[in-house]
Amino acid sequence: MTPTSDYAALILRVASGALFVAHGLMKVFVFTIPGTVGFFESIHDQHVADALFRAAGQYLKSEGMEFMRGPTNPSLNYEIGCLVDGFDSPPTFMMTYNKPYYGSLIESYGFRKAQDSFAFWGHVDMLEEVSN
């Protein structure tokens, strides 16, 4: 490396660090930090589901959260989201598998979809052979 490229790398590192800090501060002070609800389980009754979500929302509000996101569980080692299609297939490793009516309970309360998650069927024979 030349002295010029060393300085360029330093400037790039400092600038990207500043951007990460600014992005984090913007999330906290502009968009606020969302509270999350997870491990959702309910019978097929909108009143029961609404009561669960209301209780979670009241708790999160008492802790300073201004909005609620979910279902999302405490880490990516758990499932996230809600299965809305694919109930004719068996559960897939590390993907949510819930009762078919959960989607309507969640949406009827007022939650809306933030992103899609997909699971794909595969077999180890579909992978390329790994050579040493």
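Tutor: Start with Ser42, in a predicted model. Ser42 sits in the loop that runs between strand E1 (35–36) and helix H2 (46–62). Is Ser42 buried or exposed? Its relative accessible area is 10%, and the cut-off for buried is under 20%, so Ser42 is buried. What does Ser42 touch, leaving aside residues up to four places away in sequence? The list is Val48, Ala49, Leu52, Tyr101, Tyr102 and Leu105. Val48, Ala49 and Leu52 fall within the range of helix H2 (46–62).

Now take Phe39, which is also found in the loop between E1 and H2. Phe39 is exposed, with a relative accessible area of 52%. The cut-off for exposed is over 50%, so Phe39 passes it. Its backbone deserves a check as well. Phe39 has a positive phi of about 50 degrees, and it is not a glycine. Most residues other than glycine have a negative phi, and most peptide bonds are trans. The peptide bond from Gly70 to Pro71 is cis, with omega near -5 degrees. Pro71 belongs to the loop between E2 and H3.

Next, the aromatic rings. Tyr101 and Tyr102, both touched by Ser42, are also members of a ring cluster. How many aromatic pairs does the structure hold? The number is 7. One of them is formed by Phe87 and Tyr97. A pair of aromatic rings is described by the distance of the centres and the angle of the planes. For Phe87 and Tyr97 the centres are 6.3 Å apart and the planes stand at 65 degrees. Planes over 60 degrees apart count as edge-to-face, so this pair is edge-to-face. Phe87 and Tyr97 are 10 residues apart, and each is in the loop between strand E2 (68–69) and helix H3 (102–109). Phe87 is partly exposed at 26% relative accessibility. Tyr97 is partly exposed too, with a relative accessible area of 38%.

Compare the pair of Tyr109 and Phe111. Here the centres are 5.9 Å apart, with 40 degrees between the planes. That pair is tilted. Tyr109 counts as partly exposed at 29% relative accessibility, whereas Phe111 is buried at 13%.

Finally, step back to the whole chain. The protein has 3 helices and 2 strands, in the order α-β-α-β-α along the sequence. The C-alpha trace spans about 70 × 50 × 20 Å along the principal axes. Buried residues make up 17% of the 132 residues, and Ser42 and Phe111 are among the buried ones. Of the contacts with a separation of 6 or more, 56% join residues 24 or more positions apart. The accessible surface comes to about 11000 Å², and carbon and sulfur atoms own 61% of that area. As for charge, there are 8 positive and 14 negative charges, and their mean positions lie 12 Å apart.

Notes. Residues are numbered from 1 along each chain as its sequence is written. This is a predicted model: local features need pLDDT of at least 70, side-chain atom pairs count only at pLDDT 80 or more; totals for chains, interfaces and linings use all residues. Side-chain values use heavy atoms; hydrogens and water are left out. Helices (H or I, at least four residues) and strands (E, at least two) are DSSP runs, numbered from the N terminus. Buried means under 20% relative accessible area, exposed over 50%, partly exposed in between (1.4 Å probe, protein chains only). Contact means heavy atoms within 4.5 Å. Accessible areas come from the Shrake-Rupley method with a 1.4 Å probe; for residues, only the protein chains shown count as cover. Lys and Arg count as positive and Asp and Glu as negative; His and the chain ends are not counted. The place of a charge is taken as NZ of Lys, CZ of Arg, CG of Asp or CD of Glu. Rings of Phe, Tyr and Trp (its six-membered ring) pair if their centres lie within 6.5 Å; planes under 30 degrees apart count as stacked, over 60 as edge-to-face and the rest as tilted.
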